Amino acid sequence: MPARGAADETVPFAPPFDLAFPDDPSPDAADPGPGACRRASPAALRAPCGAGADRGTGAGADLPRAAPAAVLHAAAARADLLMARRIVVLTGAGISRESGLATFRDADGIWAQVRIEDVATPDAFARDPARVQGFYNARRAQLRDPAIAPNAAHLALARLEREHPGEVLLVTQNVDDLHERAGSTRLIHMHGELMKARCMSCHGASPWRADIAPDSACPACDARGRLRPHVVWFGEMPLAMEEIGAALEACDLFVSIGTSGNVYPAAGFVAEVRGRARTVELNLEPSEGASLFDEAMHGPATQVVPAFVDALLRGA
Ligand SMILES: [Zn+2]
């Protein structure tokens, strides 16, 4: 049975809709039904996602791992891929896992230890802001750890942006900053950014690498005690969906990397572009939406992403 609406994407740190509760409290979360977050229509791109979640067993934790080398060839030599001019790349937790970041939805991930409704919803923040800030301060501290660095997959995507003669837009569900640190510049964080604080007074998002304290002042308007993590919480709207929708509409090649295929609205992107653009999945194992893609390369992101980018650039 397919996982319910939410999250796997485990945006390392992000909260979003990606949330797997071990003890899902709400009937709605238990079954989002056919509407809300599983639509693969333009409306889905604009719909808030609230739904429930997979039980957190990890993205196919019990599935056999495909040998990367066995599937590397499938996509690599396709001339139509090589000629793609406008590329949209969607990334999820799977690309950051090999950088050492704790994921949210895996069996041993963050949501196995912390309840989403305690730390990753607007209600949680209203009820106990110190607890929510503490949770994200800890995530931010982990991201500041010098041992955490972009891996070969992040670097390959930055190279793709630099060297591909056409357009490359990177849309990430991750709230970490590893894509930026690898050198990507055309980047949308649809679930927000851990290294920014958002002001509830002026609504601006400012770079913020330290802890957010109860009396921290907004760098833009100087209001105190009005900062929150710049992350999309469970039940909130993803960011920049109009821009993402326009890019999907125009793209020739859509590549989904390290996503489980069950976190909407991102999981609906492939259905949006099917038939108009070539679609490729790069993932540790086939995702839930694997059958919607034209091509797939399965294996660790640090292997399949550089191999795919190499092939693309050789023919571009
Ligand atoms: Zn402000």
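Me: Which exposed residues does helix 11 carry on the face turned away from its buried side?
Reply: This is a predicted model. The buried residues of helix 11 (residues 241-250) are Ile-244, Ala-247 and Leu-248. They cover an arc of only 100° around the axis, so they sit on the same side of the helix. The face turned away from them carries Glu-242 and Ala-246.

Me: Which strands does helix 11 lie across?
Reply: Helix 11 runs at about 130° to strand 1 (86-91). Besides strand 1, the strands it lies across are strand 2 (167-172), strand 3 and strand 7.

Me: In what order do the strands of the open sheet stand, and which are at the edges?
Reply: The sheet has 6 strands, and the pairing is parallel. Their order is 3-2-1-7-8-9.

Me: Is strand 8 enclosed or open to the outside?
Reply: One side of strand 8 has Arg-278, Val-280 and Leu-282, and the other has Thr-279, Glu-281 and Asn-283. With 6 of the 6 residues buried, strand 8 is largely enclosed.

Me: Which residue is the bridge partner of Leu-282 in strand 9?
Reply: Strand 8 pairs with strand 7 (residues 253-257) over 5 bridges. There, Leu-282 is the partner of Ile-257. Strand 8 also pairs with strand 9 (residues 295-298), over 4 bridges. In strand 9, the partner of Leu-282 is Met-297.

Me: How far apart are the end C-alpha atoms of helix 13?
Reply: Helix 13 (residues 301-315) has 15 residues. At 1.5 Å a residue, it should span 21 Å. The distance between its end C-alpha atoms agrees: 21 Å.

Me: What angle does helix 13 make with strand 8?
Reply: Helix 13 packs on the sheet. It touches strand 7, strand 8 and strand 9. Its direction and that of strand 8 make an angle of about 150°.

Notes. Residues are numbered from 1 along each chain as its sequence is written. This is a predicted model: local features need pLDDT of at least 70, side-chain atom pairs count only at pLDDT 80 or more; totals for chains, interfaces and linings use all residues. Helices (H or I, at least four residues) and strands (E, at least two) are DSSP runs, numbered from the N terminus. The expected span of a helix is 1.5 Å times one less than its number of residues. A residue is buried if 20 or more other C-beta atoms lie within 10 Å of its own, exposed if 12 or fewer, and partly exposed in between; C-beta atoms are placed from the backbone. The arc is that of the directions from the helix axis to the C-beta atoms. Two strands pair if DSSP finds at least two bridges between them. Two residues are in contact if their C-beta atoms, placed from the backbone, lie within 7 Å. Axes are lines fitted to C-alpha atoms, for helices over the stretch in contact, and angles run from 0 to 180 degrees between N-to-C directions.
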